[in-house]
Amino acid sequence: MKKIAVNKQFKEDWNRVLNHIANLFYEDSKIVVTADDADLSFYFDYTINADYSIHTESRLEVDGQIFTSHYSIQYETEGTEREQAIRIKRALSHVMLDVLEQYTGMTQQWGILTGVRPTKLYHNYRKQGLNDEEIFEVLKTDFRISDSKISLMREIVKRQLQTIPDLDDIGKEISIYIGVPFCPTKCAYCTFPAYAIQSNRKAGRVESFIDGLHIEIREMGKWLKENNMNITSVYWGGGTPTSIEADEMDALYKTMFESFPNPENIREITVEAGRPDTITPEKIEVLKKWGIDRISVNPQSYTDETLKAIGRHHTVQETIDKFWLSRNSGMNNINMDLIIGLPNEGIEEFQHSLDESEKMQPESLTVHTLSFKRASEMTHNKEKYKVADRETVTKMMEMASEWTAKNGYVPYYLYRQKNILGNLENVGYSKPGEESIYNILIMEEVQTILGIGCGASTKFVNPETGKITQFHNPKDPAAYIMTFEDAIEKKIEMLNDLYLSDSKTAVQE
């Protein structure tokens, strides 16, 4: 751990922001009040002036060298207390980032931006009435984002508005995420609800979970019907929802179509069939029966040794075979995922993955950068997993960008994660017209995503104010089985509060 001392005790959330900036340069850092054993010691100062300007400065002295930075910004109004705090944190981030870039020689393409959803920031400025040139200047000056990343954001926002022309008004509708928490095995990098299906089936938890899921779909569908809510998109995730048997899938889809209002008007239904070892001809026939042709068949890598190392327990050939089985059986919108920076993979291995992808030409390709998620097996045992350095993963992302452009793909959504290799990003590419509506909506947070099933999170988005309230279903199947009825009751109460004008009397019986 890299200890980074500061000369004064800032507010806790200010220190947290500085810690985020430090983590862009060091895998694991901790902000401490000036300490003798600190690896780096910073001097910070800031002033708020009568003309509403803010001035910050930072100095780092290390190995006989001194690195300094000064930053000033002028505001038109005094701002609320909350706005003032945001301004100060942003200004402190500027000088800390600048000094660390000087010291380390690294340049952070995303500047001081550490949030998960960069394009949401772009949309916010767009909704305020700023044009592209004005947004470009704000992102470059206030956030230090590079020209190339701003251009990427602009391209994605343009594509999103083409895909969903009513994006700014879609808060009047709702989308649904349905979580099935089972997989053949759990991948080393994964923190999603993913429980080994065979052991859970022997314990009776698979059948009990499915029984509860039927009930939750019916009850939530009942509320949606009674209140004339239109559904924009439905996403079956997990886990891997194709881990269950074909007849179990068939029964669940039947319940979905019977329960949800106006299913013929749902713009998109996706089933995450990410593990190729769960795909069978029988399950594809079930998907076709219900008119579902958007699925994911995720290779992650086209190197068998990598798949084994990360616990995938399927082969490269199985990925290829199941892709063509799906394609030849009528699946017309297939997504595939690749992960940059998997253990023991470098430029050669990633180029091989791109070459194999070129043979299949899926409708969309999502390029993830490996992230060390706190609860993953890979994070707990980092010494077992040798991953690529910053320079290599940056080159891989450039390769992905060049490959997708060459093969006719366009970027349409983007998100970032904490502890992501190289401080990079995850980008969803698609053939024009094949963009995932759900992926755009979940990233831009413009409408409520109602979570149903195990590990499903609900984000209630106020259609007037944009305020977000969250509710989480239990991740563990045993806990879900015990509490799903309570979750139904709570979510209906929250839906009433959000959408019904007289929420106090609108109590769902």
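In this predicted model, Tyr415 has a relative accessibility of 15% and therefore counts as buried, the cut-off being under 20%. Tyr413 is also classed as buried, at 6% relative accessibility. The rings of these two tyrosines pair. Their centres are 6.2 Å apart, and the planes of Tyr413 and Tyr415 meet at 15°. Planes under 30 degrees apart count as stacked, so the Tyr413–Tyr415 pair is a stacked one.

The whole structure holds 15 aromatic pairs. One of them joins Phe209 and Tyr480, with ring centres 5.2 Å apart. The planes of Phe209 and Tyr480 stand at 55°, so this pair is tilted. Phe209 belongs to helix α7 (residues 205-226), whereas Tyr480 belongs to helix α16 (residues 477-499). The contact therefore ties together parts that lie 271 residues apart in sequence. Both Phe209 and Tyr480 are buried. The two rings also take part in a cluster, in which ring pairs link Phe209 and Tyr480 with Phe182 and Phe484.

Rings also meet charges. The charged end of Arg87 sits over the ring of Tyr75, at 3.9 Å from the ring centre. Lys431 places its charged end over the ring of Tyr409, and here the distance to the ring centre is 4.3 Å.

The second largest pocket has a volume of about 480 Å³. Its lining comprises 24 residues. Those nearest the centre of the pocket are Ser148, Lys149, Met397, Glu398 and Glu425. Three elements each give at least two lining residues: α5 (147-163), α14 (390-406) and β15 (426-430). Helix α14 supplies the largest share of this lining, with eight residues. By residue class, the lining of the second largest pocket has nine nonpolar, nine polar and six charged members. Domain 2 (115-163) and domain 3 (170-496) each contribute at least three residues to the lining.

Helix α15 (residues 437-444) is mostly covered, with eight of its eight residues buried. After α15 comes Glu445, which has a positive phi near 55°.

Phe350 is placed in helix α12 (residues 347-360). With a relative accessible area of 1%, Phe350 is buried. Its C-alpha atom lies 7.0 Å from that of Met396, although Phe350 and Met396 are 46 residues apart along the chain.

Several loops show backbone features of note. Gly238 and Gly239 are joined by a cis peptide bond, with omega about 10°. Gly239 falls in the loop between β9 (231-238) and α8 (246-259). Tyr52 is not a glycine, yet its phi is positive, at about 70°. This residue occupies the loop between β3 (40-48) and β4 (53-62). Tyr52 is partly exposed, with a relative accessible area of 34%. Gln361 is likewise not a glycine and has a positive phi, about 50°. The loop that holds Gln361 runs between α12 and β13 (364-369). A relative accessible area of 24% makes Gln361 partly exposed.

Terms used: Residues numbered from 1 in each chain as written. Predicted model: local features only at pLDDT ≥ 70, side-chain atom pairs only at ≥ 80, totals over all residues. Heavy atoms only, no water. 1 Å grid on protein atoms, 1.4 Å probe; cavity = no way out; pocket = protein on both sides within 12 Å on 5 of 7 lines; lining within 4 Å. Points joined across faces, edges and corners; volume = space filled by probe spheres on them. Helix = DSSP H or I, 4+ residues; strand = E, 2+ residues; numbered from the N terminus. Nonpolar A, V, L, I, M, F, W, Y, C, P; charged D, E, K, R; others polar. Domains from an automatic or database assignment. Phe/Tyr/Trp six-rings, centres within 6.5 Å; stacked < 30°, edge-to-face > 60°. Buried < 20%, exposed > 50% of the residue type's maximum accessible area, 1.4 Å probe, protein only. Lys NZ or Arg CZ within 6 Å of the ring centre and 35° of its normal.
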